[in-house]
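Me: I have a model open and want to go through some of its local details. Can you take my questions one at a time?

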Amino acid sequence: MDNLYNAGLGAEELDTIEDTLIQGIREFMTKCGFKKIHLGLSGGIDSALVAYLAVKATGSENVVCFSMPSRFSSQGSKDHAEELAATLGCRYETLSIEAVFTAFLAVLEGIFEDRPFDIAEENLQARIRGTLLMAYANKFHSLLLTTGNKSEIAMGYCTLYGDTAGGLAPIGDLFKTEIFALCTRINDRKKSAGGKEIIPQVIIDKPPSAELRPNQKDEDSLPPYNTLDKILKLHLVDNLSAEKIIQGGVDAELAARVISAVERAEFKRQQMPPVLKLASNYRWIS
């Protein structure tokens, strides 16, 4: 994966990031009076990392992972999520959203006026999942962790009141390439100590997808993450303008597309749950 996703971080830096996020989750739970954590476990890399961090922060006995498949969820993703939960030793529950999704579509059929399937139906699935997860949060006073990363949040590649629902966004300040690097580091460290990989390698290797429509891939909507994160870091971390980024050799049309998307997504970021912010030295900023 190093050739595909290059975050430019060394092992020590990645270990520090991991420790900082774990401590951040613990401190947030203590501050807000939570003893339990839950999240949606999709079989993708973001939720896999969040589940791992949650278990490290509070213990497997205090974490519940929910698989919430729809008609578009691959069997592989469901299997990978279950495998990870078993490895982590946390409770794993399946709540199919298919019946609810079908009922919602029936209610909306008239006002949708036979228009083709599009982002409305995609987002509806995410919002059903968010509603179910928040219901559990209310019933059991459990902290719902969202699983969005900095790349997606910056671009607005997330659903308001859906996958953004929750009380804390622990990986919201990590770019997607950093997610891949951290998961790889977690596995490498475990294997170096003679153990078995924690996050199934297939989760790290497979193309990222929201699985909200047939054969969907993140790169249908976003530039490749290596390219995207390079532009986002120049713009968000180094505070460079589009002109400066283009002068540095980035394609003008691509730079404009990314920066425009970041600006348009501001209304979403204003409604996000709290993010564990990391300083340049990877110290948690409360």
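Me: Which residues does Leu174 touch, not counting residues up to four places away in sequence?
Reply: Leu174 touches Ile17, Leu21, Asn149, Lys150, Ser151, Ile179, Leu182 and Leu278, where contact means heavy atoms within 4.5 Å.

Me: What kind of model is this, and how are residues numbered?
Reply: The model is predicted, so local features need pLDDT of at least 70, side-chain atom pairs count only at pLDDT 80 or more, and totals for chains, interfaces and linings use all residues. Residues are numbered from 1 along each chain as its sequence is written, and side-chain values use heavy atoms, with hydrogens and water left out.

Me: Back to Leu174. Where is it found?
Reply: Leu174 is in the loop between α6 (150–155) and α7; helices (H or I, at least four residues) and strands (E, at least two) are DSSP runs, numbered from the N terminus.

Me: Is Leu174 buried or exposed?
Reply: Leu174 counts as buried because its relative accessibility is 3%. Buried means under 20% relative accessible area, exposed over 50% and partly exposed in between, with a 1.4 Å probe and protein chains only.

Me: What separates the C-alpha atoms of Leu174 and Lys150?
Reply: A distance of 5.2 Å, with the two residues 24 apart along the chain.

Me: Asp46 next. Which helix, and is it buried or exposed?
Reply: Asp46 lies in helix α2 (residues 45–58). Its relative accessibility is 8%, so Asp46 counts as buried.

Me: What is Asp46 in contact with?
Reply: Leaving aside neighbours within four places in sequence, Asp46 contacts Thr147, Asn149, Glu152, Ile171, Lys176 and Ile179.

Me: Lys176 again, then. How do α7 and α9 pack?
Reply: Helix α7 (residues 176–192) and helix α9 (residues 225–237) pack at an angle of about 120 degrees, with their axes 8 Å apart. Axes are lines fitted to C-alpha atoms, for helices over the stretch in contact, and angles run from 0 to 180 degrees between N-to-C directions. Lys176, Thr177 and Glu178 of α7 meet Tyr225, Asn226, Asp229 and Lys233 of α9.

Me: How does that contact divide by class?
Reply: The contact of α7 with α9 has 1 nonpolar, 2 polar and 4 charged residues. Ala, Val, Leu, Ile, Met, Phe, Trp, Tyr, Cys and Pro count as nonpolar, Asp, Glu, Lys and Arg as charged, and the others, Gly among them, as polar.

Me: Now the whole chain. How many helices and strands?
Reply: The chain has 12 helices and 6 strands. Of its 286 residues, 50% are buried.

Me: What box do the C-alpha atoms fill?
Reply: Roughly 50 × 50 × 35 Å, taken along the principal axes.

Me: What about contacts between residues at least 6 apart in sequence?
Reply: Among those, 77% join residues at least 24 apart.
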